[in-house]
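Work through these exercises with the structure open beside you. Try each task before you read its solution.

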Amino acid sequence: MEPRTVGAVAVVLVLGVGFAAQQYWSARPQSVTAPAVVEPGPATGTAPVAVAAPVPAGAGGPAPPTGAGAAGVVVDVSGKVRDPGVRRLPAGARVEDALAAAGGVRPGTDTSGLNLARVLVDGEQVRVGGPAPPEGGPGPSTAPGPLSLGSATVEQLDGLPGVGPVLARHIVDFRTARGGFRSVEELRQVNGIGERRFADLRTLVRP
């Protein structure tokens, strides 16, 4: 072939390759940027709607009140119960709830002098088996004072914590034999009263 012919063929090939490359490049997929969304403003007569972002849990906002429902009453349960002592009970608790919290009354204890349905008052003392308060008197403020060893009956002495009918009879017999009690300390000499029982009784009685 003549050099001129070879040159023409080469030019045609170069042009064909360039045209194919241009067609391939223009046909490739291209990314398109979406137009910005314009919120309607005052000019359109429609106010933009504000969307509140969700608040993550525990961030901001008022915390729930602490101590809700924590109010209650503190009462002292004493006398003929299985586990006497101070008990904390919910507000609105009644006398029967205090007795249950103290393990219940001892077998054979007479609770007829207690109003089991009465609502408890904070700071009061619930005495089980002790002398009944005056009829119709208010709650804890009219609790009876120390029991007189010189005039108490067997039934009244039996109502003291840790004192049963047998020990109550021993106290009365001791009083009769000695002509009365000159001091509370003389209770130590009564048969059946040890140091622990005396410690429970010393503030509940007087000569």
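## Exercise 1: A hairpin and its neighbour

β1 and β2 form a hairpin, and five residues lie between the two strands. Keep in mind that this is a predicted model.

**Task.** Find out how many bridges join β1 to β2, and which way the two strands run.

**Solution.** 
Step 1. Locate the strands. β1 covers residues 72–79, and β2 covers residues 85–90.
Step 2. Count the bridges. Six of them join β1 to β2.
Step 3. Check the direction. β1 and β2 run antiparallel.
Step 4. Look at single pairs. D76 has V86 as its bridge partner in β2. V73 stands opposite L89 in β2.

**Task.** Now turn to β3. How many bridges join β1 to β3, and do the strands run parallel or antiparallel?

**Solution.** 
Step 1. Locate β3. It spans residues 125–128.
Step 2. Count again. Four bridges join β1 to β3.
Step 3. Check the direction. β1 and β3 run parallel.
Step 4. Name partners. V77 is paired with V126 in β3. G79 stands opposite V128 in β3.
Step 5. β1 is joined to β2 by six bridges and to β3 by four.

## Exercise 2: Two faces of a strand

**Task.** Sort the residues of β3 by face. Which are on the covered face, and which are on the uncovered one?

**Solution.** 
Step 1. Take the covered face. V126 and V128 belong to it.
Step 2. Take the uncovered face. Q125 and R127 belong to it.
Step 3. Link this to the pairing. V126 is the bridge partner of V77, and V128 stands opposite G79.

## Exercise 3: Buried, partly exposed or exposed?

**Task.** Classify E124, L147, R169 and A91 from their relative accessible areas.

**Solution.** 
Step 1. Start with E124, in the loop between α2 and β3. Its relative accessible area is 3%, so E124 is buried.
Step 2. Go to L147, in strand β4. Its relative accessibility is 11%, so L147 counts as buried.
Step 3. Take R169, in helix α4. Its relative accessible area is 41%, so R169 is partly exposed. R169 and V154 are 15 residues apart in sequence, and their C-alpha atoms are 6.0 Å apart.
Step 4. Finish with A91, in the loop between β2 and α2. Its relative accessibility is 54%, so A91 counts as exposed.

## Exercise 4: Who touches whom?

**Solution.** 
Step 1. Pick out L204. L147 and L204 are 57 residues apart in sequence, yet 6.2 Å apart in space, C-alpha to C-alpha.
Step 2. Compare with V119. A91 and V119 are 28 residues apart along the chain, and their C-alpha atoms are separated by 8.8 Å.

## Exercise 5: A pocket

**Task.** Describe the second largest pocket. What is its volume, and which strand gives the largest share of its lining?

**Solution.** 
Step 1. Give the volume. It is about 290 Å³.
Step 2. Name lining residues. Among them are P84, G85, R106, P161 and G162.
Step 3. Find the main supplier. β1 gives the largest share, four residues.
Step 4. Look for other elements. β1 and α5 each supply at least two lining residues.
Step 5. Sort by type. The lining has three nonpolar, four polar and five charged residues.
Step 6. Tie back to Exercise 1. D76 and V77 both line this pocket. D76 pairs with V86 in β2, and V77 pairs with V126 in β3.

## Exercise 6: The whole chain

**Task.** Step back. How many helices and strands are in the chain, and what share of its residues is buried?

**Solution.** 
Step 1. Count elements. The chain has five helices and five strands.
Step 2. Read their order. It is α-β-β-α-β-β-α-α-α-β.
Step 3. Find the buried share. It is 24% of the 207 residues.
Step 4. The chain exposes about 14,300 Å², and carbon and sulfur atoms supply 60% of that.

How values were computed:
Residues are numbered from 1 along each chain as its sequence is written. This is a predicted model: local features need pLDDT of at least 70, side-chain atom pairs count only at pLDDT 80 or more; totals for chains, interfaces and linings use all residues. Side-chain values use heavy atoms; hydrogens and water are left out. Buried means under 20% relative accessible area, exposed over 50%, partly exposed in between (1.4 Å probe, protein chains only). Two strands pair if DSSP finds at least two bridges between them. Accessible areas come from the Shrake-Rupley method with a 1.4 Å probe; for residues, only the protein chains shown count as cover. On a 1 Å grid over the protein atoms alone, a cavity is a set of points where a 1.4 Å probe fits but cannot get out, and a pocket is an open set with protein on both sides within 12 Å along at least five of seven lines; lining residues have an atom within 4 Å of a point. Grid points are joined across faces, edges and corners, and a volume is the space filled by probe spheres set on the points. Ala, Val, Leu, Ile, Met, Phe, Trp, Tyr, Cys and Pro count as nonpolar, Asp, Glu, Lys and Arg as charged, and the others, Gly among them, as polar.
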